[in-house]
Amino acid sequence: MDGADRERLLARLREVVGERYAFADPYEMRLYQYDASPETALPDIVVLPGTSEEVARIVKICGEAKVPVTPRSAASSLAGGTVPVQGGVVITFARMDRILEIDIENLRAVVQPGVVNLALSQALKPYGYYYAPDPSSQGACTIGGNVATNAGGPHTLIYGVTVNHVMGLEVALPSGELVQVGGRKSAEAIGYDLTGVLVGSEGTMALVTRIWVKIQPLPPVQKTLMAVYPDVATASNAVSAIVRTGILPAAIEMMDKLSIQAIEAASHAGYPLDAGAVLLLEVDGIPEVAQELGERMAKVCRDNGASEVRIARNEQERQALWKGRKGAFSAMGRLSSDFYVMDGVVPRTKLPETLAKIDAISERTGFKICNVFHAGDGNLHPLVLFDAFQPGQYEAVLAIGDEILKLCAQAGGSVTGEHGIGLEKRENIRYVFSDDDLEVMDRVRRVFDPHLLMNPGKIFPGNGLQPSAPRYPPGFPRRQAAAAGGEDLWV
Amino acid sequence: MGVRAGTTVLPGHQITLADQRRLSVDDLLPSKIMHPADAEDAARGLRLCDLTPASVVIWGGGTQMRLGAPPRRYDIAFSTERMTRLLEYEPADLTCRVEAGMRMIDLQAALRAQGQRLPLDPPHPERATVGGMVAANTNGLGRARYGTVRDWVIGIAVAYPSGKVARAGGKVVKNVAGYDLMKLHIGALGTLGVVAEINLKVQATPESEATVLGHFEAATPAVAAGLQLARSYLAPSASIVLDRRALWECGLTADWRWTLALKLEGYAGEADAARDQASGVIRDAGGRVEAADLPPTFWDAARDWSAPDGDLVLLRAIAPIAALPNLSGAVPPEASVIIQPAAGVLDLRVTPPSAAPTLQRMRSQAGDEGQVVVASAPASMKSSLDVWGPPPPGFPIMRALKQALDPNGILNPGRFVGGI
């Protein structure tokens, strides 16, 4: 966008949100060039709407000017979902962070997209209710972002992912219309399930401005167990054994040897340092049943090779066990200056062989790979450790990531379980979908967004389905840029 | 929308008179039949229909063919009767992949052999197919506890009029790659494509089960008791409020006017605890708890009740759960009714003469957060009933989606919302 165009657009956007909430200062643009992925790209303008109507007007103005729009709230995307890869306008939902209604009668809450996930559950707690999807970043990520990526979390094994908890949406269409879709307060709606299609569409169809979510009663008791295994294969087989007994825990998390060491160094969760793998299992229930389920699971764990099983005796012990898991990614800083987080899925029964293959990749390439993941649903999060200051390492790590995703797809799984395709995996999506599959998805996208201005450059591979190449080549990590010359150092 | 010339030769096989009658929809008869062997075959068949163009009505088990507006045209009966295979099933993964024409009863039997089940219970499982359940979004009585079809379908293969088979989702329980097109096809009545294969999550069969009946003199306290239980942690897996006539239609009699029937399921010990809780809530609401054992056919009859045959019309109100007491007040005395308090669903069986006035009254009572549809009606009633009601918000997008995926309008033309 040239300077005159930018000034004209900025002036129009300021008419909508006021002087303070639309800006284009180059220094400030740098704050909005990145998310939690390694990708970066500068927007031309950043705008902070305060209401749904303002969002709709902004989208309309951008549509008329044929300028791309990229939505953003907490920017915790690990897949580059909020990186404005074609420049244009970044719409950030920081000001739209209100819980609009808590409706216990109808088991619903209504929120704006900028509400932090955990804040909703905290607001519901006094009533004895909560919002079930709990991404590990729930203290930072927003429900709007969760809707965009159809986010999961450790407890989705039993309660499902975001889409299972979203009843209706208000969205701003690229045309500038505000539409309410879905059941809102009632469970079902007639017509096509537009809500279901919009959830997980990563902002490529419309911008979500209001969300109707289901809420549910807090479980009376949560029993949390830690089971210690000699290796990940034995632990993986134990996971399948538990599921086969008919118990579906609320969560089954696994951490491998390297992760345990990092976690223990960082948070002293009490995981044994000599363990090859640790499983964290949790069941919800009424006290007498949860206690019994805990004991039954402990027995299955022992029968399937656990050297030690520890049941948290109180909430404090439970929180300590979870603290390690939830802080796992940040603990990786103890092992390496940089790490690359993957998000593949395999059928639960394919965990042992997939983990063995990942191990072989680590051996072959010399890069350490940690595994901290949602074992219950086969959702792997291999973390490849590297040093971005070493020339060539980042490229090598991307190649490893590609190989791991291919493995997951070949095992009958998927290239993303909860982080989204975003910018990062838009080529990898071909491992799970044919051109015919993608062509139908593209048709659906164009129904909403005929001019491809909504979060362009995401999800779809660059095979002609895209109108133009990204302005900045993907795979240009921030720290490499920093190493190349202090100029591009992000703050 | 394509218009077919009168002399065009239709694709498909010759159809017998018996099949023509069996596969009639709202008194319209098909001219030809197609019964593809698999997804690819289905797509080839659709391509031929699209080129002609010939309009297609998709048939599974036929249990929901009384839903929807009459088709605008009906040339080809497109039957999934040959697509009945269980393609994959790994019990330890709690997932399976089936062809659309597989009957629910056969799927449940295969799962039961491994101690598992699909916790969806559409009416008439001995005829209903998995594909039909998906296309019609047929949810039984377990929806408040276990969710609806959208919560259990993890992937699909769809045959489109373009002649292509396209997939979405996958075989794993957690997957956000690409658009969730499963949602688009669930409840679309096959108007966007023919769902040919379905990947499902399944679950372990509950370890314990119990039923509790609570009898009441009025609907409101029965619904209130159902709601209170729905908001509790040990929510029933089925919770229905029946009037005396509906109870009789399900094979039971009672001296009381209203009955709250609760199915309780869970791990060992949970059903007992839930029974104690439910009994307490019923008593507190002024009801009488009946402990007598029920005939095993009761829950099956209650499940099938919402898909009646003959002249009966079934109206379904879907509303915010807190609006149900008010809505149940609008039920005319001659109707029989089953309310699912926890799901916000109220089903009414009425006879043809009172169908139209009742529909109108229910719609005005439902308010702007609720809706009332005709879930089942004989052909003779369809012309006098607006079966879907006014198009929902976002309808222009729905019409555009139809145009994008079925540009010649060959798939179930006219049967869906707003004339789609």
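The buried residues of helix H2 of chain B pack against strand S1 (32-34), strand S2 (56-59), strand S3 (76-79), strand S7 (153-159), strand S8 (165-169) and strand S9 (194-201) of chain B. Here helices (H or I, at least four residues) and strands (E, at least two) are DSSP runs, numbered from the N terminus, and two residues are in contact if their C-beta atoms, placed from the backbone, lie within 7 Å. The model is predicted: local features need pLDDT of at least 70, side-chain atom pairs count only at pLDDT 80 or more, and totals for chains, interfaces and linings use all residues. Residues are numbered from 1 along each chain as its sequence is written, while chains are lettered from A and ligands numbered from 1 in the order in which they are written.

H2(B) comprises residues 39-51, 13 residues in number, and reaches 18 Å from its first C-alpha to its last, close to the 18 Å expected at 1.5 Å a residue; the expected span is 1.5 Å times one less than the number of residues. Buried in this helix are Ala39(B), Ala42(B), Ala43(B), Gly45(B), Leu46(B), Cys49(B) and Asp50(B). They cover an arc of only 160 degrees around the axis, which puts them on the same side of H2(B); the arc is that of the directions from the helix axis to the C-beta atoms. A residue is buried if 20 or more other C-beta atoms lie within 10 Å of its own, exposed if 12 or fewer, and partly exposed in between, with C-beta atoms placed from the backbone. An α-helix has 3.6 residues a turn, so residues three or four places apart point the same way. In the loop between H2 and S2 of chain B lies Pro53(B), and the peptide bond from Thr52(B) to Pro53(B) is cis, with omega near -15 degrees.

Positive phi values in residues other than glycine were examined next. Phi of Leu94(B) is near 55 degrees, and this residue is placed in the loop between strand S4 (86-90) and strand S5 (95-99) of chain B. Leu94(B) counts as buried because it has 24 C-beta neighbours inside 10 Å. In chain A, phi of Ala75(A) is near 55 degrees, and Ala75(A) occupies the loop between strand S3 (69-72) and strand S4 (89-92). Ala75(A) is buried, with 21 other C-beta atoms within 10 Å.

The secondary structure of chain A consists of 16 helices and 20 strands. Its C-alpha trace spans about 70 × 60 × 40 Å along the principal axes. For 491 residues, a compact globule would have a radius of gyration near 23 Å, and the 23 Å of chain A agrees; this radius is taken over C-alpha atoms, and the globule rule is 2.2 Å times the number of residues to the power 0.38. Of the 491 residues in chain A, 58% are buried.

The contact between the chains takes 72 residues from chain A and 68 residues from chain B. The largest share of the side of chain A that touches chain B, 8 residues, comes from H15(A). By class, this side has 34 nonpolar, 24 polar and 14 charged residues; Ala, Val, Leu, Ile, Met, Phe, Trp, Tyr, Cys and Pro count as nonpolar, Asp, Glu, Lys and Arg as charged, and the others, Gly among them, as polar.
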